[in-house]
Amino acid sequence: MPVTTTPTIEGHPIQEYLGIVTGEVIVGANVFRDLFANIRDIVGGRSGSYERILADARKQAIEELQAECGALGGNAVVGIDLDYEVIGQSGSMLMVSASGTAVKI
């Protein structure tokens, strides 16, 4: 199923707009990952463990969005917006949300 941040898909005219679809994923930060990320911050470099978690959460949010689109009878999602938020009292949770418009092309 095509998903795009653009309002259209070139070469595929939109036949019907089905409404807004969303996908949300909330993941907790592991204390050991936090420890190693803090060490990485001190010595420099990228935090591969956080990057993997972020990529997995984004993928899951988009998969939820696609499933909701399919349930509405759609076959593509346009205008996707991705948002990332740190939540929880201690900021120990990461929320990734994806929203877009389900369409039939």
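Biologist: What should I know about the model before we start?
Modeller: The model is predicted, so local features need pLDDT of at least 70 and side-chain atom pairs count only at pLDDT 80 or more, while totals for chains, interfaces and linings use all residues. Residues are numbered from 1 along each chain as its sequence is written, and side-chain values use heavy atoms, leaving out hydrogens and water.

Biologist: How many salt bridges are found in the whole structure?
Modeller: The search finds two. A salt bridge here is a side-chain nitrogen of Lys or Arg within 4 Å of a carboxyl oxygen of Asp or Glu.

Biologist: Which residue pairs with glutamate 16?
Modeller: Lysine 104 does, with the closest N and O atoms 3.7 Å apart. Glutamate 16 lies in strand β1 (residues 16–28) and lysine 104 in strand β3 (residues 93–104), 88 residues apart. Strands (E, at least two residues) and helices (H or I, at least four) are DSSP runs, numbered from the N terminus.

Biologist: And where do lysine 59 and glutamate 63 sit?
Modeller: Both are in helix α2 (residues 48–71), four residues apart, which means that about one helical turn separates them.

Biologist: Is lysine 59 buried or exposed?
Modeller: Lysine 59 is exposed, at 52% relative accessibility, whereas glutamate 63 is partly exposed at 39%. Buried means under 20% relative accessible area, exposed over 50%, and partly exposed in between (1.4 Å probe, protein chains only).

Biologist: New topic: where is histidine 12?
Modeller: Histidine 12 is in the segment before β1. Its C-alpha atom is 5.8 Å from that of isoleucine 105, 93 residues away along the chain.
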